[in-house]
Amino acid sequence: MHLVPPPSTDAVAAVRALTAHALDAVVTMDVTGAITGWNRRAEELFGWSAEEVLDRQLHEVIIPERYRSAHQNGLARYLMTGESHILDTPTEIAGLHRDGHELTVEISVSALAESGGTTFVGYVRDLTEQRRTAHALWESEVRFAGVIDNLPGVAYVNRVGGGAEFVSPKIEEILGYSPDAWLADAELWERSLLPDDRRRTLAQIRAAEASGTTFSSIYRLRAADDRVVWIRDRAVVRRDGSGVEHVHGVMFDITRERDAEAQLELVLAEQVSITESLQRLADAPPGDLASGICRELLRTEHLDLAAVYEFRRDG
């Protein structure tokens with residue numbers, strides 16, 4: 001049984017006195033289903049004044065039509081057997097506002113026994129804003145995940161002076177490590193740095209963490225399959241609400257860009273070398289000049305086709 005033994009004074013009167021200024025809506029109902037109590041918060045939540053709802057059937061006032069028969073059947077079952085599925089158990093249900101829109105509420109119902117019979121006391125908490133906030137957060141997370149997944153680089157969050165706390169799925173495409181593997185090994189990033197880049201890169205990062213400034217660096221990492229990947233790393237130090245500092249950044253794979261730059265530098269170096277050689281051959285006899293030019297061109301790796309012309313001084 002869920003009946004609470006009555007005190008020496010009227011239990012319902014005591015409940016009304018305690019709940020008059022409660023933060024939650026408090027609604028009381030008798031065994032016939034009629035509303036016997038309705039506090040100020042209930043007025044605000046459901047849009048009805050106490051004078052308008054007292055003695056009316058509760059299911060007609062705040063229960064959506066599709067749930068009314070279940071409410072009436074539950075009340076009848078309790079009166080016959082003393083058993084209930086919702087008594088003393090917080091339950092999330094839909095409530096009905098005066099203007100017809102539905103509310104998401106959490107209700108906890110107790111049964112108070114007194115000399116005049118049983119009174120049901122419902123404590124009702126509005127969950128509408130909570131659900132709206134949760135849905136907005138979910139939508140934000142979905143949008144964030146979509147942005148992160150489509151970034152051209154690897155987004156990450158690291159603790160200042162500590163390990164990684166978040167890394168985007170792009171890490172697997174660029175470096176061959178799953179996000180779980182990357183996060184599980186706090187030293188993986190540092191071990192992946194090529195020895196020639198390690199001291200410089202670590203010094204730059206530590207200086208940025210100490211000063212709280214934006215960090216930008218280019219370095220090489222050894223991927224899981226032993227490839228060398230050129231990385232452009234851009235990050236900033238941020239402090240969260242609890243004062244803990246984290247590094248938020250993105251690592252971009254610039255390997256193709258660096259390879260193209262290296263190729264261009266090689267071509268330019270070859271062109272300079274050819275120009276210098278031709279200048280040395282400028283005073284050679286015509287036959288020697290042509291053969292010398294051909295020898296220089298044969299040394300050039302990045303040349304598919306060349307034509308050598310000889311003009312007489314008279315044109």
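**A cavity, a helix and a hairpin**

The largest cavity has a volume of about 40 Å³. A cavity is a set of points on a 1 Å grid over the protein atoms alone where a 1.4 Å probe fits but cannot get out; grid points are joined across faces, edges and corners, and the volume is the space filled by probe spheres set on the points. This is a predicted model, in which local features need pLDDT of at least 70 and side-chain atom pairs count only at pLDDT 80 or more, while totals for chains, interfaces and linings use all residues. Residues are numbered from 1 along each chain as its sequence is written, and side-chain values use heavy atoms, with hydrogens and water left out.

The lining of the largest cavity includes Ile205, Ala208, Phe215 and Val236; lining residues have an atom within 4 Å of a point. H10 and S10 are the elements that give two or more residues to this lining. Helices (H or I, at least four residues) and strands (E, at least two) are DSSP runs, numbered from the N terminus.

Helix H10 covers residues 195-211. The expected span of a helix is 1.5 Å times one less than its number of residues, so the 17 residues of H10 should span 24 Å, and the 25 Å between its end C-alpha atoms agrees. Which residues of H10 are buried? They are Asp197, Thr201, Leu202, Ile205, Ala208 and Glu209, where buried means under 20% relative accessible area (1.4 Å probe, protein chains only). Among the elements that cover these residues are helix H9 (188-192), S9, S10 and strand S11 (245-253). After H10 comes Gly212, with a positive phi near 75 degrees.

Strands S9 (residues 215-222) and S10 (residues 228-239) pair in the antiparallel sense over 8 bridges; two strands pair if DSSP finds at least two bridges between them. Together S9 and S10 form a hairpin with 5 residues between them, and Asp226 in the turn has a positive phi of about 80 degrees.

Arg232 lies in S10, and Ile218 stands opposite Arg232. The side chains of Arg232 and Glu257 are joined by a polar contact of 3.1 Å. A polar contact is a pair of N or O atoms within 3.5 Å; within protein, one must be able to donate a hydrogen and the other to accept it, and residues adjacent in sequence count only if both atoms are side-chain atoms. Not counting residues up to four places away in sequence, Arg232 touches residues including Ser217, Val250 and Phe252, contact meaning heavy atoms within 4.5 Å.

How values were computed. Buried < 20%, exposed > 50% of the residue type's maximum accessible area, 1.4 Å probe, protein only. 1 Å grid on protein atoms, 1.4 Å probe; cavity = no way out; pocket = protein on both sides within 12 Å on 5 of 7 lines; lining within 4 Å.
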